[in-house]
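Welcome! Please take a moment to look over the model shown here, and then we can walk through some of its contacts together.

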Amino acid sequence: MPLSHPDAPASVDPTVLLAVDRLHKKFAGKTILDAVSLDIRRGETAVLIGPSGSGKTTFLRCLNFLETPDGGTIHLGGERIGSNAGEPAVSEPTLARQRRRFGFVFQRFNLFAHLSALDNVSCGPYRVLGLSRDAARQRAAAALEQVHLAAHADKRPSQLSGGQQQRVAIARALAMQPEVLLFDEPTSALDPELVREVLDVMRDLASARMTMLVVTHEMSFARQVAHRVVFMDGGNIVETGSPDQIFGAPREQRTRRFLQHLQA
């Protein structure tokens, strides 16, 4: 169980896994995130949509401290994650342990070209979690089975399609057994015919109640799979709601403009 943190909120909703409160981030004096707050419940699939440059990717990267926030707090299961710029830094071992509670799937697959799919997935459990080589490979094999790639375990990335490589990347994240999965445009680097196989895996994970926060331009995925859709623009969360509400009756003019632009 995660340790309680002295900065944890006095009252914590047990259904909320990830609680983000007033997150700020600037680059070169420009505000990228402006007091962004969002709660993600256990087992929820939340989809972030919005125009390019709205802060979606920066938001994800701040959650597990690939970028250091300038202000605000992030709690995962009641434990505060990391520390902001200007605050006393948490120790590197503590931050490394906290980062392992998140899985991150990037736009690019970032696989080791010289390793098989199985070894790409097993290296994290072996080198980072300290599992034995056999235990790590067993966990990797189970993760590849979960993304429907058991038959391709011995292939290197160059022998796999882009969609298969991205599914290996998802398996790599799953093998670390994170509490929440973060997806940053996981299909944007794929040819259109390969997108569906990745989205199908993500649908399976959502059905299995994996907690996921997904940045995507795949509106059909958001409509069909998301429990909640979050619209961001200008470094702010403009509105959140069910897929039916956001796509069928958005309250905010900025949301309506964005969706109309997609349909044009």
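## A salt bridge to start with

Which side chain meets glutamate 179 in a salt bridge? The partner is arginine 101, with N to O at 2.5 Å; a salt bridge here is a side-chain nitrogen of Lys or Arg within 4 Å of a carboxyl oxygen of Asp or Glu. Glutamate 179 is partly exposed at 29% relative accessibility, whereas arginine 101 is buried at 7% (buried means under 20% relative accessible area, exposed over 50%, partly exposed in between, with a 1.4 Å probe and protein chains only). Glu179 and Arg101 also belong to a salt-bridge network with Glu79 and Arg97.

## About the model

This is a predicted model, in which local features need pLDDT of at least 70 and side-chain atom pairs count only at pLDDT 80 or more, while totals for chains, interfaces and linings use all residues. Residues are numbered from 1 along each chain as its sequence is written, and side-chain values use heavy atoms, leaving out hydrogens and water.

In the whole structure, a search finds 14 salt bridges. One of them joins arginine 41 and aspartate 13, whose closest N and O atoms are 3.1 Å apart. Arginine 41 is partly exposed, at 40%, and aspartate 13 is partly exposed too, at 33%.

Glutamate 87 pairs with arginine 80 in a salt bridge of 2.9 Å, N to O. Here glutamate 87 is partly exposed, with a relative accessible area of 34%, but arginine 80 is buried at 6%.
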